[in-house]
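Subject: Structure handover

Hello,

Here is the structure for you to look through. Please open it first, then read my notes below.

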Amino acid sequence: MTPDTHTTPDPLLAWRDQFPILSETTYLINNSLGAMPRAVYDSLRAYAETWAARGIRAWGEGWWDMNVELGNLIAPIIGAPPDTISMHQNISLAQGILLSCFDFDGPRNKVVITGGIFPSVYYVLRGLLPPHVDLHMIPSPDGGNTVPVDQIIDAIDERTLLVPISHVLFRSGTILDVGPVIEKAHAVGAIVILDGYHAAGIVPVDVTALNVDFYLAGVLKWMCGGPGGVFLYAREDYLKTLEPGLTGWMAHQRPFAFEVENIDFRADAFRFLNGTPAIPSLYANRPGVEIIAQVGVDNIRRKSKHQTALLIDLAEAAGYEVNTVRSPDERGGTVTINPPHAYEVSRELIARNILIDYRPQAGIRVSPHFYNSDDEVRLVITAMQDILDGGAWQQHTSGHAFVT
Ligand SMILES: Cc1ncc(COP(=O)(O)O)c(C=O)c1O
């Protein structure tokens with residue numbers, strides 16, 4: 001999997017061969033689904049061969065521990081100690097597992113959230129929090145593209161139990177300065193759950209330095225790991241104390257004793273597991289994680305800052321609204337561009353094999369990764385101009401795609 005990095009002026013472009021879709025498309029939608037590494041073919045073949053040849057014995061030969069072993073490959077990428085990360089199907093369920101750990105009947109019954117929260121996370125909060133909980137929303141002034149961090153800090157008080165907020169906002173790629181939020185929360189005894197789905201693999205994250213309580217993210221996007229690979233980091237003290245209500249036999253110290261009355265929780269990442277994990281996902285998730293670890297998030301970030309700046313400059317020169325912060329340190333890997341007829345332009349870009357996506361109230365999200373060239377970045381803007389000038393956008397005015 002190690003490419004020859006000496007043949008090109010941008011050494012990261014040497015990775016392109018490892019991602020089949022890059023030869024077929026201009027792949028600029030890495031904040032939604034990272035490109036599939038070629039090695040996934042072998043990985044999924046290994047899954048099938050293990051199941052076929054080893055059958056039930058596979059559980060004792062690796063499958064039982066595979067979940068937390070993948071977490072251990074992710075751990076150094078986000079500055080987490082070993083055995084603190086468990087893998088889950090998706091963020092919505094992982095949030096549900098965390099919420100099931102807390103008692104909202106005491107004097108601490110306030111939960112601080114922000115505008116720009118991913119709707120699925122909000123649905124889970126609204127669905128699982130008892131009705132008396134004060135779900136305190138800090139509004140976004142611009143439809144979720146930014147959030148005033150000082151207002152989050154002010155809202156956290158002695159009544160606050162949880163602060164489940166995004167680290168990087170999904171519409172605009174804005175990075176929130178979460179350090180002071182965590183400090184304030186801890187000063188008053190509140191707990192922070194960061195949703196870093198738009199950070200992991202593109203923005204350096206150090207959960208230990210942040211001293212954050214919980215960090216949720218996934219390998220689907222910037223880590224090129226595919227669906228079904230969301231991770232839940234829990235600070236080590238919680239691995240000894242919290243008792244999730246949404247649990248299962250994998251969290252038990254002696255699962256094969258089949259004790260019904262009591263659950264004797266493990267004191268590592270298994271504590272947050274429940275039932276049988278989706279083993280095929282874990283096989284598929286792994287190659288992307290290994291590549292990101294090898295490339296290094298600092299290298300990825302350096303290139304990303306350059307390419308997002310290039311995108312902003314070109315989009316502004318073309319006269320398009322840009323809903324992404326200009327300060328490179330506050331900007332994640334996505335640039336959200338809102339040209340006229342943005343939805344229709346997005347459909348035509350996709351028809352031309354330039355893969356991006358569209359989010360209402362924001363625009364077209366363009367998210368280059370380490371394997372993209374500057375020429376590809378330029379192409380998306382010239383294509384937008386061509387689509388608008390030539391009128392090709394008008395082919396997409398009737399109807400609205402279900403997946404955008
Ligand atoms: C910030 C953020 N949180 C949560 C989700 C939803 O996650 P899931 O589908 O894994 O529940 C997304 C989806 O893209 C997201 O961007």
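First, a term you will need: helices (H or I, at least four residues) and strands (E, at least two) are DSSP runs, numbered from the N terminus. Residues are numbered from 1 along each chain as its sequence is written. This is a predicted model, where local features need pLDDT of at least 70, side-chain atom pairs count only at pLDDT 80 or more, and totals for chains, interfaces and linings use all residues.

The protein chain is assigned domain 1 (11-30 + 298-396) and domain 2 (42-293). These bounds come from an automatic or database domain assignment. Taken over C-alpha atoms, the domain centres are 29 Å apart. Domain 1 puts 20 residues into the contact, and domain 2 puts in 18. Two residues are in contact if their C-beta atoms, placed from the backbone, lie within 7 Å. On the domain 1 side, α10 (297-317) and β10 (335-338) each supply at least two residues. The largest share, four residues, is from α10. That side of domain 1 holds four nonpolar, eleven polar and five charged residues.

Helix pair α2 and α9

Helix α2 (residues 59-74) and helix α9 (residues 279-295) have axes that come within 10 Å and cross at roughly 20°. Axes are lines fitted to C-alpha atoms, for helices over the stretch in contact, and angles run from 0 to 180 degrees between N-to-C directions. So α2 and α9 are roughly parallel. The cut-offs: under 35 degrees is roughly parallel, over 145 roughly antiparallel, 65 to 115 roughly perpendicular, and the rest oblique. The crossing of α2 past α9 is left-handed. That label applies if the near helix is turned anticlockwise from the far one by less than a right angle; clockwise is right-handed. From α2, W63, M66, N67, L70, L73 and I74 meet I279, L282, N285, R286, V289, E290 and A293 of α9. This contact has nine nonpolar, two polar and two charged residues.

Helix α12 and its partners

α10 packs with helix α12 (residues 374-390) at about 25°, with the axes 10 Å apart. That makes these helices roughly parallel. α10 passes α12 in a right-handed crossing. Q307, L310, L311, L314 and A315 of α10 make the contact with D374, V377, R378 and I381 of α12. It has six nonpolar, one polar and two charged residues.

Helix α11 (residues 342-351) also meets α12: their axes come within 10 Å and cross at roughly 115°. This crossing is right-handed. V345, E348 and L349 of α11 meet V380, A383, M384, I387 and L388 of α12. Seven of these residues are nonpolar, none polar and one charged.

Best wishes

Definitions and conventions:
Ala, Val, Leu, Ile, Met, Phe, Trp, Tyr, Cys and Pro count as nonpolar, Asp, Glu, Lys and Arg as charged, and the others, Gly among them, as polar.
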